[in-house]
Amino acid sequence: MNASDVIDDTSRIPADLAPVIAALATVGRSLCRTIKRGPLGGALGAGVGENLGGDQQKALDVMADEAFAAELAATPVRYYASEEQDDVVEMNPDGRFALAIDPLDGSSNIDVNVSIGTIFSIFEAKPGDPLGSVLRPAHEQLAGGYIIYGPQTFLVVTFGAGVQSYLLDPDSGQWRLVEADLKVPEFSREFAINASNYRHWSPAIRAYIDDCLAGDTGPRDENYNMRWVASLVAETHRIISRGGIFLYPADERAGYERGRLRMVYECAPIAFLIEQAGGKATDGHDRIMAQTATELHGRTPFVFGSAVKVDRVTAYQDLPVEEVSALFGTRGLFRA
Ligand SMILES: O=P(O)(O)OC[C@H]1O[C@](O)(COP(=O)(O)O)[C@@H](O)[C@@H]1O
Ligand SMILES: [Mg+2]
Ligand SMILES: [Mg+2]
């Protein structure tokens with residue numbers, strides 16, 4: 001399969017990566033069909049087991065993983081690292097690349113007809129070192145991207161020179177370039193966080209959200225809107241389209257000491273995209289792109305979106321604890 005068989009304009013795709021992107025685009029197109037058929041194609045959201053990360057696997061998680069693995073085996077991908085596999089799998093021994101993937105992101109939304117996605121990250125393979133090929137600084141990624149299966153199906157990708165988006169044309173089955181240089185809008189009054197975890201957050205995260213919730217009666221002096229889709233791809237697509245901020249911080253629940261999201265196949269590729277689109281992505285304080293995963297399924301707190309907003313979260317983390325623990329009315333900094 002050539003990239004030009006599935007994508008109308010391949011001019012921004014590096015030639016050596018084109019077969020890998022073509023494979024992702026081909027499987028994405030067929031998953032789009034499967035998802036659209038929903039229960040007509042079987043119980044896609046049925047529980048079928050548990051992955052090493054401790055998450056329940058749904059039928060579609062496993063189906064997507066198998067479909068990507070099968071198609072990528074015929075490309076120059078040497079190492080395949082998936083959320084759904086315990087270890088990195090060796091594919092093509094002559095391949096140049098290592099690919100990390102969350103085959104199906106937002107699985108809790110499969111049965112409720114809400115947007116879900118696929119997230120991927122590509123590195124140069126280190127021959128003979130499957131794990132070392134993906135446990136490396138996030139800034140060494142060659143490509144990072146996602147496919148969103150929503151009312152429209154998009155492939156959004158960066159190769160380190162801006163962000164391109166391709167829309168799957170339902171009539172022709174071709175992916176068509178619609179944006180050659182996507183940018184995160186700077187201004188927005190939206191934040192995304194799972195507010196049910198409020199009582200488990202650190203004082204700094206609570207203070208940041210308290211100040212958003214206080215709206216024009218608080219130090220920010222303007223009203224905010226909140227969104228939480230529980231699909232990282234959907235939150236990313238909204239933020240790339242109209243700005244805002246996403247937070248999945250560490251919290252005090254057992255197992256959430258480093259938040260929920262996985263560094264290798266969720267946060268690193270989204271951070272790469274967001275930075276290439278002019279936004280910022282941190283662990284709440286430090287740039288994700290400067291960090292190195294230490295475990296295949298390891299987690300990291302994750303904050304990304306419009307640059308000024310992400311910087312503001314970092315500033316809250318730097319405040320003395322007495323300052324963030326005080327009610328906003330008695331807090332000195334950030335008062336309007
Ligand atoms: O249910 P929570 O705690 O709000 O978590 C939602 C997050 O979990 C995820 O669904 C995790 O992804 P998976 O579905 O790939 O496990 C993210 O897409 C989303 O941001
Ligand atoms: Mg995920
Ligand atoms: Mg997943």
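Analyst: Let's start with valine 134, which lies in the loop between β6 (116-124) and β7 (143-149). The strand names come from DSSP runs: helices are H or I runs of at least four residues, strands are E runs of at least two, and both are numbered from the N terminus. This is a predicted model, where local features need pLDDT of at least 70, side-chain atom pairs count only at pLDDT 80 or more, and totals for chains, interfaces and linings use all residues. Residues are numbered from 1 along each chain as its sequence is written, chains are lettered from A and ligands numbered from 1 in the order in which they are written, and side-chain values use heavy atoms, with hydrogens and water left out.

User: What makes valine 134 count as buried or exposed?

Analyst: Buried means under 20% relative accessible area, exposed over 50%, and partly exposed in between, using a 1.4 Å probe and protein chains only. Valine 134 has 2% relative accessibility, so it counts as buried.

User: Which residues does valine 134 touch, not counting those up to four places away in sequence?

Analyst: A contact means heavy atoms within 4.5 Å. By that rule valine 134 touches Ala81, Val88, Ala98, Ala100, Phe123, Val264 and Leu296.

User: What is the largest cavity lined by?

Analyst: First, the rule. On a 1 Å grid over the protein atoms alone, a cavity is a set of points where a 1.4 Å probe fits but cannot get out; a pocket is an open set with protein on both sides within 12 Å along at least five of seven lines; lining residues have an atom within 4 Å of a point. Rolling a probe the size of a water molecule over the atoms shows where empty space is left. Here the lining is Phe123, Val134, Arg136, Ala138, Met263, Val264, Ala268, Gln291 and Ala293. Helix α6 (residues 263-276) gives the largest share, three residues.

User: How many cavities of 30 Å³ or more does the structure hold?

Analyst: There is one, and the largest cavity has a volume of about 40 Å³. Grid points are joined across faces, edges and corners, and a volume is the space filled by probe spheres set on the points.

User: How does the lining of the largest cavity divide into nonpolar, polar and charged?

Analyst: Ala, Val, Leu, Ile, Met, Phe, Trp, Tyr, Cys and Pro count as nonpolar, Asp, Glu, Lys and Arg as charged, and the others, Gly among them, as polar. On that basis the cavity lining has seven nonpolar residues, one polar and one charged.

User: Why is the largest cavity said to lie between domain 1 and domain 2?

Analyst: Domain bounds come from an automatic or database domain assignment, which here gives domain 1 (3-179) and domain 2 (190-328). Both domains give residues to the cavity's lining, so the cavity lies between them. Their C-alpha centres are 24 Å apart, and the contact takes 49 residues from domain 1 and 33 residues from domain 2.

User: Where does the largest pocket lie?

Analyst: Again both domains give residues to the lining, so the largest pocket lies between them. About 480 Å³ of space lies in that pocket. Of its 28 lining residues, the closest to the centre are Gly106, Ser107, Ser108, Ala230 and Arg260. By class, the lining has eight nonpolar, eight polar and 12 charged residues. Strand β5 gives the largest share, three residues.

User: Which residues does the "binding site" annotation cover?

Analyst: The UniProt annotation (unreviewed entry) covers Asp102, Asp105 and Glu266. They span 165 residues in sequence, yet no two of their C-alpha atoms are more than 8.6 Å apart, so they gather at one spot. The lining of the largest pocket includes Asp102, Asp105 and Glu266. A caution: UniProt positions use the numbering here, feature names are shortened, and annotations may be inferred rather than shown by experiment.

User: What makes aspartate 102 count as buried or exposed?

Analyst: Aspartate 102, found in strand β5 (residues 97-105), has 0% relative accessibility, so it counts as buried. Aspartate 105 is also placed in β5, and at 5% it counts as buried too. Contacts of aspartate 105 beyond four places in sequence include Gly117, Ser231 and Glu266.
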